[in-house]
Amino acid sequence: MTLLLPDPARATGPAPLVVPAAAPPNPRTGPILQVDLGAVAANTRTFATRTTGAVMAVVKADGFGHGAPAAAATALAHGASWLGVTSIGEGLALRDAGLHAPVLSWLNPVEADYAAAIGRRLDLAVADLDHLEAVSRAGIGARVHLHLDTGMARDGCAPDAWAALCRAARRLEVQGVLRVVGMMGHLGCADVPDDPANSRGRTVFGWGLGQARAAGLRPPLRHLAATAATLTDPASHHTMSRIGAGLVGSDPSRSTPLAAALTLTAPVVATRRVPTGTSVGYGHTWVAERPTRLALLPLGYADGLPRAASARAEVLLRGRRRRVVGRISMDQAVIDLDDDDAAPGEVAVVFGPGGQGEPLVSEWASWSDTIEHEIVTGIGARVARRTTPAGGNR
Ligand SMILES: *Cc1c(COP(=O)(O)O)cnc(C)c1O
């Protein structure tokens with residue numbers, strides 16, 4: 001594909017500038033992100049057994065970097081009955097991919113395309129009167145989930161504005177403009193099960209439900225729990241759980257073993273012997289204390305290896321863990337092979353499920369002082385994706 005830029009000097013000047021599109025990633029010679037949907041299937045089944053409520057598969061941010069349509073279809077085939085995304089655009093992409101399950105989108109600007117959302121049967125979370133009005137103006141028949149802030153001061157309705165929101169929504173429901181089919185909240189500390197903020201959040205949610213009923217609303221779907229609360233706090237389950245991280249193998253509560261789906265590999269580009277005293281990378285943050293052999297990998301922070309992990313990170317090559325040395329650059333990283341050697345083209349495993357001793361996503365997260373979510377959603381567009389389907393339905 002090429003792009004034509006407008007040329008102000010068109011009438012007399014040179015031919016228009018033709019900008020070639022970016023080269024696609026090469027899955028034969030470059031870094032590869034392997035996605036095992038069997039893991040997503042197994043994790044979905046685990047969640048389906050951990051709650052009597054429905055399971056919403058949260059596939060925002062391209063399914064936490066695993067490919068939204070494929071992760072969604074896999075989850076739906078293995079026990080999920082709903083899909084959840086942040087933006088309307090993400091929801092429309094699921095419809096374009098041929099997925100017909102109920103979809104909830106929970107965070108959109110007031111001027112978002114609510115008509116498109118209603119037309120393609122996306123449920124919409126609403127957290128204030130401005131958004132309620134925008135949705136009601138966009139068309140008849142919107143399906144709305146009122147969203148209460150249960151303790152994060154983020155995207156839910158402030159508790160002191162909740163009763164008015166419920167009454168306004170009920171009026172629109174009575175007029176036949178929309179239907180309030182759900183109520184949602186979200187817990188900010190569910191990864192620490194005995195944090196008192198969890199019981200406070202549950203209490204606020206129960207209070208909000210009482211206010212909604214007092215306004216005449218009877219939302220059949222009531223959902224508060226995400227991954228961690230679903231695994232550790234049955235009192236938070238209500239009628240549905242919204243599961244994102246858990247579907248792709250991350251449990252913020254560290255209570256339940258789940259299956260990792262991603263393996264990131266890269267081929268060695270080159271190796272070289274260096275003498276004692278050789279400085280590596282920007283800032284010369286690592287200096288060889290002995291003669292050694294270095295290998296170059298074509299992956300950097302633009303591809304999702306956090307620069308913050310530079311001094312701690314490891315990869316697996318030839319069956320052994322190897323230190324990443326020097327700063328991770330935008331496009332490349334250097335590893336120390338010690339006395340060993342490697343041939344160009346040999347494949348290093350950056351992270352994976354751990355079966356061969358390769359680093360886990362959780363290790364990359366701790367080397368980078370972050371959470372697994374940021375690692376899996378951060379893999380760059382230059383990395384080729386390969387997806388293994390989950391196999392048969394349960
Ligand atoms: C991302 C998100 C979820 C999913 O949370 P996990 O902990 O990843 O399961 C659920 N609800 C809301 C509102 C979210 O933003």
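## Overall make-up

The protein has eleven helices and 21 strands, where helices (H or I, at least four residues) and strands (E, at least two) are DSSP runs numbered from the N terminus. Residues are numbered from 1 along each chain as its sequence is written, and side-chain values use heavy atoms, with hydrogens and water left out. Because the model is predicted, local features need pLDDT of at least 70 and side-chain atom pairs count only at pLDDT 80 or more, while totals for chains, interfaces and linings use all residues.

Taken along the principal axes, the C-alpha atoms fill a box of roughly 80 × 70 × 45 Å. The protein has 394 residues, of which 47% count as buried. Buried means under 20% relative accessible area, exposed means over 50%, and partly exposed lies in between (1.4 Å probe, protein chains only).

## The ligand site

The ligand sits in the largest pocket. A pocket is defined on a 1 Å grid over the protein atoms alone, as an open set of points with protein on both sides within 12 Å along at least five of seven lines. A molecule sits in a pocket if more than half of its atoms lie within 2 Å of the pocket's grid points.

Which residues are around the ligand? They are Lys-60, Phe-64, Trp-106, Arg-154, Met-184, His-186, Ala-226, Thr-227, Arg-242, Ile-243, Gly-244 and Ala-245; a residue is near a molecule if one of its heavy atoms lies within 4 Å of it. Helix α2 (60–65) and strand β11 (240–243) each supply at least two residues of this shell.

| Residue | Ligand atom | Distance |
|---|---|---|
| Lys-60 | oxygen | 2.8 Å |
| Trp-106 | oxygen | 3.4 Å |
| Arg-242 | nitrogen | 2.9 Å |

On its own the ligand has 390 Å² of accessible area, and the protein covers 89% of this. Accessible areas come from the Shrake-Rupley method with a 1.4 Å probe.

## Cysteines

A disulfide is a pair of cysteine sulfur atoms within 2.5 Å, and by this rule the count comes to zero. Cys-157 is in no disulfide, and the nearest cysteine sulfur, that of Cys-166, is 7.5 Å away. Is Cys-157 buried or exposed? Its relative accessibility is 2%, so Cys-157 counts as buried. Cys-189, with 27% relative accessibility, counts as partly exposed.

## Backbone angles

Most residues other than glycine have a negative phi. Asp-62 lies in helix α2, and its phi is near 50°, a positive value in a residue other than glycine. Asp-62 has a relative accessible area of 42%, so it is partly exposed.

Ala-153 is not a glycine either, and it has a positive phi of about 50°. Ala-153 is placed in the loop between β8 (142–147) and α7 (159–174). With a relative accessible area of 70%, Ala-153 is exposed.

## A buried serine in a loop

Ser-236 belongs to the loop between α9 (227–232) and β11. Its relative accessible area is 0%, so Ser-236 is buried. The side chain of Ser-236 reaches the backbone oxygen of Asp-233 at 2.7 Å.

## Separations in sequence and space

The distances in this section run from C-alpha to C-alpha. Leu-316 is part of strand β17 (residues 314–317) and is buried, with a relative accessible area of 6%. Leu-316 and Leu-132 are 184 residues apart in sequence and 52 Å apart in space, C-alpha to C-alpha.

Arg-307 is in the loop between β16 (292–297) and β17. At 42% relative accessibility, Arg-307 is partly exposed. Arg-307 and Arg-327 are 20 residues apart in sequence, and their C-alpha atoms are 6.7 Å apart in space.

Pro-389 lies in the segment after β21 (384–388) and is exposed, with a relative accessible area of 60%. Between Pro-389 and Val-40 there are 9.7 Å in space, C-alpha to C-alpha, and the two are 349 residues apart in sequence.

Methods. A polar contact is a pair of N or O atoms within 3.5 Å; within protein, one must be able to donate a hydrogen and the other to accept it, and residues adjacent in sequence count only if both atoms are side-chain atoms. On a 1 Å grid over the protein atoms alone, a cavity is a set of points where a 1.4 Å probe fits but cannot get out, and a pocket is an open set with protein on both sides within 12 Å along at least five of seven lines; lining residues have an atom within 4 Å of a point.
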